[in-house]
Amino acid sequence: MLDTYRPVETPEGVEIGLRVAGPVPRLFAALLDLGIRVLVYVGLAIPLGIFGRSGNGLYLIGLFLVEWFYPVVFEVKRGGATPGKKSLGLIVLHRDGTPVGWSASVIRNLLRFADFLPAAYGFGLAAMLVDRDFRRLGDLAAGTVVVHRDTVAAGTRVPAAAPLRPPVTLSLDEQRAVIEFAERLGTWPEARATELAGLVTPLTSGIGSEGVARLVGMANWLLGRR
Amino acid sequence: MSREIFEQRHEPQWATLEQSLGRLESGAQQTVADFPELYRQICHHLALVRHRRYGADLELRLNRLVLRGHQQLYRKSGGGLAPVLAFARSGFPRLVRAEKRLVAAAALLFALPLVLMTFLVPRNPELALAVLSPASIEEMGEQYAPGGSLQAGRPVDSDVMMFGYYIRNNIGIAFRTFAGGILGGVGSIFFLVYNGLVIGAVMGHIRQMGYGGHFFPFVIGHGAFELTAIVLAGAAGLRMGLALLSPGRLSRGQALLAAGKTSINILYGAAVMLVFAAFLEAFWSPMAQPAATKYGVGAILWIYVFSYFLLAGRQRTS
């Protein structure tokens, strides 16, 4: 959570945080969108098939519009996310946090063709891995960025424990790190958790699993469960 | 002030903002009274929470509220029809004139291969096979031969089908030509040259078969819009590539952003031209008319396109 956090300063002088999304969730969202588009193609073909050749013509126009503009309509009119992105909790914004507009959305989606080259988003992936904000070529040209929509409140997954006040006042980044540790505790084997807790022995004054337990206690205190 | 008291005191305001945001985001309401003041207050609370270190969960909650409020307050308003008309009347030709060097470069990249193939293919018919498939060569022969399918007059629903086909095919080509430009302009150059070769091969093959009398009246009408639009799409792509290769005094990222804005507008204009071209190609060109009429209309359209880009939108100097 810390290294994908991008602060943006608003005109009110307050900093808001954007959590940029990496290639993996975006890939899954793209696959979901592909599936939905295929369904739309099939869905369009059936009624238009009745109208013979004219229907064929309308179907081709429909194909063209869906091919190029399916993401644009959703990004501009439906809150910055196609159904695929929405189900992965992603949203497209301008780099300054404002919602994406027509011009930017069209640019980033037309350039999807270049991102797809030479095969399966090769250039797009390369750009995403090089850029700090995981922007593909379309994002770079349009000034947009794909972020996680933080729907889960921080701290909901922290296991409950007796709150323990940290011996020193921690900076905001340090607080976040402690809470993040407690949140992700369940995903690590015990040895890993002990190793990580061992990095902050001066803070916890405990070794091994006691250090881990103290950190969880501090996370509880920092979350306000006092 | 402790965190609990802070939360107690300000929770009603946060709940109100949450409600207002819900209404704005669902589109149920376009404006909410006192929204800017409320938003600024919550911004202030967020700053306090950060400074006083009340906790990451509270900070995250307020951060989310502020982000949503920011997005509602700084939404870009729609433009309506007036900017579109102004673009069509003067914005588009001015934009094209501003990029005239790139447009000229794109025109050369497209026209030279085209003219080359038109003259080489009658001499070496096998050359056409380098860019066209044997199936499409056969199909062309069938369409443009005397008494071929294009002469007999098509039923209207075929016209609609071809209209859809041209929209998808031609505008797709224009979009791809544009998109290729971000790869240092290489993609655009490739598409311009390739399309020039293909169209030139078609024309050369038609001439070699002697079907020119049927083919050229057919294409001259919509060609004015279609060929110009492809050149413009290529120029738009080259503009993007140029921003990456030669950003001038800006950083590459900034240059790309600025180029994107002008390029996409040129592409919009090109796409509209291609819709006209598709319409003409599907409904007007196949009509059985004497060749003189078709050449006449074609000439008028070409003159119109050129004078539009050369003259429209210029200030009158008095």
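What share of the 318 residues in chain B do buried residues make up? The answer is 41%, where buried describes a residue with 20 or more other C-beta atoms within 10 Å of its own, exposed one with 12 or fewer, and partly exposed one in between, the C-beta atoms being placed from the backbone. Some notes on the rest follow.

1. Ground rules. This is a predicted model, in which local features need pLDDT of at least 70 and side-chain atom pairs count only at pLDDT 80 or more, while totals for chains, interfaces and linings use all residues. Residues are numbered from 1 along each chain as its sequence is written, and chains are lettered from A and ligands numbered from 1 in the order in which they are written.

2. Chain B overall. Chain B has 12 helices and 0 strands (helices are DSSP runs of H or I with at least four residues, strands are runs of E with at least two, and both are numbered from the N terminus). The radius of gyration of chain B is 28 Å, well over the 20 Å that the globule rule gives for 318 residues, so chain B is more spread out than a compact globule. That radius is taken over C-alpha atoms, and the rule is 2.2 Å times the number of residues to the power 0.38. The C-alpha trace spans about 90 × 55 × 45 Å along its principal axes.

3. Domains of chain B. The assignment gives domain 1 (3-73) and domain 2 (81-311); such bounds come from an automatic or database domain assignment. Taken over C-alpha atoms, the centres of these two domains of chain B are separated by 52 Å. Of the contacts in chain B between residues at least 6 apart in sequence, 79% join residues at least 24 apart, a contact being two residues whose C-beta atoms, placed from the backbone, lie within 7 Å.

4. Helix α11 of chain B. This helix covers residues 252-284, and its 33 residues should span 48 Å at 1.5 Å a residue; the end C-alpha atoms are 45 Å apart, which agrees. The expected span is 1.5 Å times one less than the number of residues.

5. B:Arg207. This residue belongs to helix α9 (residues 186-209) of chain B. B:Arg207 is partly exposed, with 16 other C-beta atoms within 10 Å. Leaving out residues up to four places away in sequence, B:Arg207 touches B:Thr118, B:Pro122 and B:Gly212. B:Pro122 is 85 residues from B:Arg207 in sequence, yet their C-alpha atoms are 6.7 Å apart.

6. Chain A overall. Here there are 11 helices and 4 strands. With a radius of gyration of 23 Å, well over the 17 Å that the globule rule gives for 226 residues, chain A is more spread out than a compact globule. Its C-alpha trace spans about 80 × 35 × 35 Å along the principal axes, and buried residues make up 38% of the 226 residues. Domain 1 (5-148) and domain 2 (154-226) are assigned in chain A, with 38 Å between their centres, taken over C-alpha atoms.

7. Where the chains meet. The contact takes 45 residues from chain A and 49 residues from chain B. On the chain A side, the largest share, 12 residues, comes from α2(A). The residues of that side of chain A divide into 26 nonpolar, 15 polar and 4 charged; Ala, Val, Leu, Ile, Met, Phe, Trp, Tyr, Cys and Pro count as nonpolar, Asp, Glu, Lys and Arg as charged, and the others, Gly among them, as polar.

8. Helix α8 of chain A. The buried residues in α8(A) include A:Val178, A:Ile179 and A:Phe181. What covers the buried residues of α8(A) includes α9 (190-198) and α11 (209-222) of chain A, together with α3 (56-73) of chain B.
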